[in-house]
Amino acid sequence: MALKIVKGSIDRMFDKNLQDLVRGIRNHKEDEAKYISTCIDEIKQELKQDNIAVKANAVCKLTYLQMLGYDVSWAAFNIVEVMSSSKFTYKRIGYLAASQCFHESTDVIMLTTNQIRKDLSSPNQYDTGVALTGLSCFVTPDLARDLANDIMTLMSHTKPYIRKKAVLIMYKVFLKYPESLRPAFPRLKEKLEDPDPGVQSAAVNVICELARRNPKNYLSLAPLFFKLMTSSTNNWVLIKIIKLFGALTPLEPRLGKKLIEPLTNLIHRIYLFFSQILHHLSAITLVCFSWLIAFLFFITVLISLSSGMPNHSASIQLCVQKLRILIEDSDQNLKYLGLLAMSKILKTHPKSVQSHKDLILQCLDDKDESIRLRALDLLYGMVSKKNLMEIVKKLMLHVDKAEGTTYRDELLTKIIDICSQSNYQYITNFEWYISILVELTRLEGTRHGHLIASQMLDVAIRVKAIRVFAVAQMATLLDNAHMLTGNTQRNGICEVLYAAAWICGEFSEHLENPMETLEAMLRPKVATLPGHIQAVYVQNAAKLFATVLKSQEGNTDSTTAQEASQLMIDRLPLFVQSANLEVQERASCILQLVKYIQKLQQKDVEVSEEVCALFAGELNPVAPKAQKKVPIPDGLDLDAWINEPPSESESEDEQPKAIFSKEEPKHSRPRHTEVDEKELARRREARKQEQANNPFYIKASPSSQKVYQETPGVEHIPVVQIDLSVPLKVPGLPMSDQYVKLEEERRQKERAEKKKKDKKKRKEKRSGRGKKHDSGPESEEDITPAHMVDIVTEEMPENALPSDDDERDPADPHKALDIDLDKPLADSEKLPVRSHRAAEVLKSPAEDEEGENVSSLEPKKKSSKEKREKKKDKDKDRKVKMLFESGLSETWERRLISVMLTFIFLFYSFDRKAYDIQGNLQDGSQVVVSVIFENKCDSFLKSMEFNVLDSLNSKLQRPEGSGPHDSLTIPFQLPPGVSNEARFVFTVQSIIMPQKLKGTLTFIVKNEESSTHEKLDFKLHFTCTSYLITTPCYSDAFAKLLESGDLKSSSIRLEGVNMPFHHLLARICFHHHFSVVERIDSCASMYSRSIQGHHVCLLVKISSQTVSVDAKCDEPTLLGNVLDEIKQTFSQC
Amino acid sequence: MRFMLLFSRQGKLRLQKWYTATAERDKKKMVRELMQTVLARKPKMCSFLEWRDLKIVYKRYASLYFCCAIEEQDNELITLEIIHRFVELLDKYFGSVCELDIIFNFEKAYFILDEFLMGGEIQDTSKKSVLKAIEQADLLQERPRGDYFSNSASTHCS
């Protein structure tokens, strides 16, 4: 024995350890695979040894190799061996290897159940911890079922380290074994109030994840989370909770009202948290954006709180303007986040985002694909009838320029998405749209041929007025089919021919020259197309043939008709030989038919009518979900047996019956529900099998395109490669650009006509009554479609059910977790508990529940259950209280605005104390000052009055009737710790000089014993910057302005500026309301405008820490003051 | 979080952690595809990208890329912070961490990650308590004779 140990340790000295392996791999760069295969051989030898240390070392090496991409599944059993070592060192390695290598289909996992249970109950907390960590990676439904109870016990472990992990892993357990949710939930809820912050945050994490998917079941937890939100000191937890409320509020709008106040108080904390993150992220200067980032976060939550509240569009407008600053920043991360937030706002307030179209289009030129994709997303929501053509034209330009097929494909799908959204709502000219689609067919190597094809089909079928045009276009496409199929790389696009052929055939009565198209469709080259397309060609050739015959009817000279038949007879045999069944079948059918017709023709028999009858009848579009929406008539039970079920399965049915009826006692449906679900699945499978074998069964498929996609045989057809020297423009096709121009002209004309009409009307009216203002800029409704378009809606069955229950993916694991948590626990729902384990891993869950719930643990649990129930009642009470105590929610809309505003002003208060001055664009002499009042003391503040000593230049606007020295009453009171905002309007005559106004605030401080009158003096500093308003300016307009010579110039130099140039610019934009006109390297031009219309232009240059600012303005005093203020900003940092 | 990857500028995988069960073949394909996409991006570009149905948040520290895949509703900035925290933890543990530390002590890096995140959720927001747990566990892991594990690891453990 002793000798064996010595021998073992000597052996070990010659083994490679992990470091040797890594080093070895690095030294064998050229023949890595060979080196590793020898290593694996060594490892296999090591695994055969008895020594656990050697084995662990081998497993550790294997884990490394697994990461490099080598298959190590053969060692699964050895990993289990190492896992079950009693030494922590090896156990740790074993569990790590398992968590990296095991997955649901690893069969040795079922051997681990016992070992894991042992480790979970180990006295050493790190053994337990390591087991929990490992389990979180490879938990299977079986493991989840068997271990749920053990883990639930661990949630009340004495060590927070274990509790924390146990709580977190419960989420994985719920996903794998949804039945455990209800029994485990009360304890999970308890953990929300755990004394350890780590455990608490774990519980919040898990419940938030659960609630995010099925929020309605967690509404009853709102009061608890509310408490947590106001008491928690952990920012991570806070953010989770706020997000959770974002999900809950749409379900219970009254929550929103309650939330406003605490949220307002939390803003500052969130802001600091994000500023810390940004600080880590990169430059320190970015921190000045953190309020915006925090704001973005709040927007995402608040927007969901406020959906359906139309009245705060002004504050949203303001938010969007601030977001613009982010997007204009040169830091790509900020840009991305800004765009992301924009898209959130777009969903609820499309109007306010639409005005920033220029910025979004600009982002399309960004080098970064992520940003371009975000911008594309935004464009989708921004289109209107008016700008659709323009936007799509821009996108088409990008399609031409785009490098890389993925982005181009993305553009293509977006163009189609944009145009087809909400039932082609924004398309005024379908001819234009068809030509866009045709232009898109020229894309090389796109995957989305079928998408274009389905659009063509959809438009041609549903817009009757467009058929003539569409057919003409499609005929040209067919004629030039070689352009689309010439190159093997482009065969994705040949799907378009499917649509072209079908449209030409189906609406062949509109064809100008059917004979020519027929010829084009029967060219020998067609045989190189994929089978499903050939099939359509053949079928539609027959339709065309019918049309040709019809057009020749009554014509004494029957040569054309006979030529047509001859053409068919000559060309069709090629298709009869096709390897594709569908093509072959259709071709031979039609060939025989034509031969018969030819015979009749030779006897001068009129056949066209009979031939046309083959294809008579209109095809109506049917909604893709129509079949599903057909209501089931009363009394029809689709699951019930029509005949008695076959006898052999009867015995199987018997057993599970009892369990199911027990579990769902209130199921009111008769009989059929008693059939076990497993059995149903089995039957369904069998039925499917049968259907698959039955050639006459029409399979359910959601849309027509899918059918032809699935047809096999595409790969087998050899595609001849032809070198094309011709340019890739399909000849004879109109360019969509023309339409843009035409449309423009048309609209102008329309407008002119309208004006004329208006004038006439006005003339008529003038005699009667006074004036009526001009119609002004054209509004959305004014644009009439180019031709009368009748968009046929897709057909739905009569009395279809309106409910849209098929949104969710049935495979979504969270669907199973949609469980009512407030219902008291039934006995049958207890988690399976085992006192000692037998070999019952493979037992079905149903059996477990039946057999073991009657176990001895029952009475012990009862008392705790009772307690839990009591508590639940209390919770319910609290919930009710919370929801109703503060009355109805009519005013909370307004409060929401104030939260948003406070937010914006907080940002100002960051560097400007607690007030903000903003110019009013509409009135050049008005300035709005917003002041945030925050009560920092413990007493109640009331009767606040605000007064300012007017100067000659600036005056506080007071209500009519009050004297020039009267103070204004502030319309709110402040409880302790609360802040609120008030706005005051000042009239200012001259804005060229900064000025200070003195003022006083008087208020009454009231606490329980006494109330005192207090006074607070303050100064309002009106800087010149606050009279400037960020106004975008284009470089050409900017150049003109500078050339005009009306501007006076001045300049300053800033020394020792130690920040990147783009941060410097951001600062100027941010603090002084400028916008960047153009930036070239380390030089930028900037522009702003005062409320009284002064232009201020800056040219900023940087060279080694020295910044020179050359400025021009039509008012030298104003300019001097603004420059001074800029200087001051930079001297502070 | 769905998974976390660490890989070098040369496209060598250094660490991978999957929080949802994924077949080996899919893992390899996803890793390859994602590495290509991320490595092709220029340094100035933003740290976020949309990939399949996931959002990818990545950040480069020296020669290593830290890359997380998150779901639609998750917050990008918070994920960046998680990455940063993890780097800080590694840094504290190894003492100014470099790529070689992670290559040669990859199991330690996994242990740290496992203490920090579990099932894709952040376990402990306090750096101190994570490091304490690791230290305690390391103490338990008595070193076998013959200096089985590397010198560097043992000096850091002590």
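**Close-up 1. A salt bridge between A:R212 and B:E71 in the predicted model.** The side chains of A:R212 and B:E71 meet across the two chains. Nitrogen and oxygen are 3.7 Å apart in this salt bridge. Between chain A and chain B, the count of salt bridges is nine. Polar contacts link 23 residue pairs between chain A and chain B, with both residues at pLDDT 80 or more.

**Close-up 2. The salt bridge of A:R374 with B:E50.** The closest N and O atoms of A:R374 and B:E50 are 2.5 Å apart. A:R374 lies in helix 21 of chain A, and B:E50 lies in strand 3 (residues 48–51) of chain B, so this pair joins two chains. Over all chains, the whole structure holds 44 salt bridges.

**Close-up 3. The contact of chain A with chain B.** Chain A brings 71 residues to the contact, and chain B brings 66. Together the two chains bury about 6400 Å². Carbon and sulfur atoms carry 57% of that area. On the side of chain A, A:M67, A:R92 and A:W236 lose the most area to chain B. These three residues together account for 13% of what that side buries.

Close-up 4. Nine salt bridges span chain A and chain B.

**Close-up 5. Helix 10 (residues 160–176) and helix 12 (residues 197–213) of chain A.** The two axes come within 8 Å and cross at roughly 10°. Angles under 35 degrees count as roughly parallel, and helix 10 of chain A and helix 12 of chain A are therefore roughly parallel to each other. Helix 10 contributes A:P160, A:R163, A:K164, A:V167, A:L168, A:Y171 and A:F174. Among the residues they meet in helix 12 are A:V199, A:A202, A:V206, A:E209, A:L210 and A:R213. The residues of this contact comprise 10 nonpolar, two polar and four charged.

**Close-up 6. Helix 21 (residues 369–382) and helix 23 (residues 405–424) of chain A.** The axes of helix 21 and helix 23 come within 10 Å and cross at roughly 10°. That makes helix 21 of chain A roughly parallel to helix 23 of chain A. From helix 21, the contact includes A:E369, A:R372, A:L373, A:L376 and A:Y380. From helix 23, it includes A:Y407, A:E410, A:L411, A:K414, A:I418 and A:Q421. Seven nonpolar, two polar and six charged residues make up the contact of helix 21 with helix 23.

How values were computed
Residues numbered from 1 in each chain as written. Chains lettered and ligands numbered in written order. Predicted model: local features only at pLDDT ≥ 70, side-chain atom pairs only at ≥ 80, totals over all residues. Heavy atoms only, no water. Axes fitted to C-alpha atoms, helices over the stretch in contact; angles between N-to-C directions. Helix = DSSP H or I, 4+ residues; strand = E, 2+ residues; numbered from the N terminus. Parallel < 35°, antiparallel > 145°, perpendicular 65-115°, else oblique. Contact = heavy atoms within 4.5 Å. Nonpolar A, V, L, I, M, F, W, Y, C, P; charged D, E, K, R; others polar. Buried area = accessible area lost by both parts, 1.4 Å probe. Salt bridge = Lys/Arg side-chain N within 4 Å of Asp/Glu carboxyl O. Polar contact = N/O pair within 3.5 Å; in protein donor to acceptor, adjacent residues only side chain to side chain.
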